[in-house]
Amino acid sequence: MKVVLFCGGLGTRLKEYSETIPKPMVEIGYRPIIWHLMRYYAHFGHKEFILCLGYRGDYIKKYFLDYNECMSNNFTISEGGKKIELHTSDIEDWKITFVDTGLNANLGQRLVAVKKILAGEEVFLANYSDGLTDLNLDLYLDNFCKHDKVASFLAVQPSQSFHVVSWNKDELVESIKPVGNSGLWINGGFFAFKQSIFDYIQEQEELVIEPFQRLIQKQEIIAYKNQGFWACMDTFKEKNMFDEMYAKGNTPWAVWDTSR
């Protein structure tokens, strides 16, 4: 099953990094977030990726063209460093297609730009490329197939630290509580689509605005509630959160790591 990764955004709220590198290339440990995400999908057997490039697409291309597997695998060197023997490999069986989909294109436009590459795919996956999860993807896809709808997305509870406030008609505050305890659910950016999703996208439309409204009206979209870990790298604060988790060995998204 092919995986479409939207990699063209500017990431303006990650300004400390996104002025020089694209948002999906911001690192967690010694690998960028997009690598962690691709390892996640590959763990469940989905190893064909389509990267929808935009801002600094050259940076992403160069990263994979110069990819060094020794950085994330055990290896043995001999003959004074002339011979390198990898004990394991992470991307040798991946197929990655790089497509320049426009500097200022929205997600709907980027998806339409790779429609031809998705021809013949009855179902495909897509992702914002800025979030990680420990979701059991097999269960997620089983649920999608069971409902037999056009689209599905992962619903998550916000990980941000702001508070939700409610008040009465006299402006007296009735409650204030962390957004994570508010019962609010948001789109987590992990999608599954049937090929017919393209019937719902018109020219220049943003994916989750007009097309999703048509899907809602036709009762052709479902949401799957995430009961485990999910977090996105949307701000510098969240970048620090990921770094701290990684430093402590707390990497719930690394479902491929059997030593966890």
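A residue is called buried when its relative accessible area is under 20%, exposed when that area is over 50%, and partly exposed in between. With these terms, the predicted model described here can be read helix by helix and then pair by pair.

In helix 5, the residues Leu137, Tyr140, Leu141, Asn143 and Phe144 are buried. When helix 5 is viewed down its axis, these buried residues fall within an arc of 155°, so they line one face of the helix. Asp142, Cys145 and Lys146, on the other side of helix 5, are exposed.

A similar description can be given for helix 7, which comprises the twelve residues 236-247. At 1.5 Å a residue, helix 7 should span 16 Å, and the distance of 17 Å between its end C-alpha atoms agrees with this expectation. Glu238, Lys239, Phe242 and Met245 are the residues of helix 7 that are buried. Seen down the axis of helix 7, they fall within an arc of 125°, so the buried residues line one face of the helix. Lys237, Glu244 and Ala247, by contrast, lie on the other side of helix 7 and are exposed. After helix 7 comes Gly249, a residue with a positive phi, near 75°.

Aromatic rings were examined next. A pair of aromatic rings is described by the distance of the centres and the angle of the planes. A search of the whole structure finds 21 aromatic pairs. In one of them, Tyr128 and Phe191, the ring centres are 5.3 Å apart and the planes stand at 80°; since an angle over 60 degrees counts as edge-to-face, the pair is therefore of that kind. The pair links distant parts of the chain, for Tyr128 is in the loop between strand 8 (123-127) and strand 9 (131-133), whereas Phe191 is in strand 13 (residues 186-194), and the two are 63 residues apart. As for their cover, Tyr128 has a relative accessible area of 22% and is partly exposed, while Phe191, at 1% relative accessibility, counts as buried. Another aromatic pair, Phe229 with Trp253, is tilted, with 6.0 Å from centre to centre and 35° between the planes. Because Phe229 lies in the loop between strand 14 (221-225) and strand 15 (230-232) and Trp253 in the segment after helix 7, this pair ties together parts that are 24 residues apart in sequence. Phe229 and Trp253 are both buried. Ring pairs also link Phe124, Tyr128, Phe153, Phe191, Phe193, Phe198 and Phe212 into a cluster, to which the two rings of the edge-to-face pair, Tyr128 and Phe191, thus belong.

Charged side chains were considered in turn. Side chains of opposite charge can pair when their charged atoms come close. The structure holds nine salt bridges. One of these joins the side chains of Asp58 and Arg56, with 3.1 Å from N to O; Asp58, with a relative accessible area of 47%, is partly exposed, and Arg56 also counts as partly exposed, at 29% relative accessibility. In another, the side chains of Lys62 and Asp66 meet with 2.8 Å from N to O. Lys62 counts as exposed at 53% relative accessibility, whereas Asp66, at 47%, counts as partly exposed. A salt bridge is also formed by Lys194 and Asp148, whose closest N and O atoms are 2.4 Å apart. Lys194 lies in strand 13 and Asp148 in the loop between helix 5 (137-147) and strand 10 (151-156), so this pair ties together parts that are 46 residues apart in sequence.

On the surface, Val165, Trp167, Val173 and Ile176 form a nonpolar patch, and together they have about 430 Å² of accessible area. Strand 11 (163-167) and strand 12 (173-178) are the elements that give two or more residues to this patch. Val165 has its place in strand 11 and, at 37% relative accessibility, counts as partly exposed.

A further residue, Asp100, is found in strand 7 (residues 95-100) and is exposed, with a relative accessible area of 54%. Asp100 and Tyr55 are 45 residues apart in sequence, while in space their C-alpha atoms are 9.3 Å apart.

Note on methods
Residues are numbered from 1 along each chain as its sequence is written. This is a predicted model: local features need pLDDT of at least 70, side-chain atom pairs count only at pLDDT 80 or more; totals for chains, interfaces and linings use all residues. Side-chain values use heavy atoms; hydrogens and water are left out. Helices (H or I, at least four residues) and strands (E, at least two) are DSSP runs, numbered from the N terminus. The expected span of a helix is 1.5 Å times one less than its number of residues. Buried means under 20% relative accessible area, exposed over 50%, partly exposed in between (1.4 Å probe, protein chains only). The arc is that of the directions from the helix axis to the C-beta atoms. Patches are made of residues with over 30% relative accessible area and no salt bridge: like charges are joined within 9 Å, nonpolar side chains (Val, Leu, Ile, Met, Phe, Trp, Tyr) within 5 Å. Accessible areas come from the Shrake-Rupley method with a 1.4 Å probe; for residues, only the protein chains shown count as cover. A salt bridge is a side-chain nitrogen of Lys or Arg within 4 Å of a carboxyl oxygen of Asp or Glu. Rings of Phe, Tyr and Trp (its six-membered ring) pair if their centres lie within 6.5 Å; planes under 30 degrees apart count as stacked, over 60 as edge-to-face and the rest as tilted.
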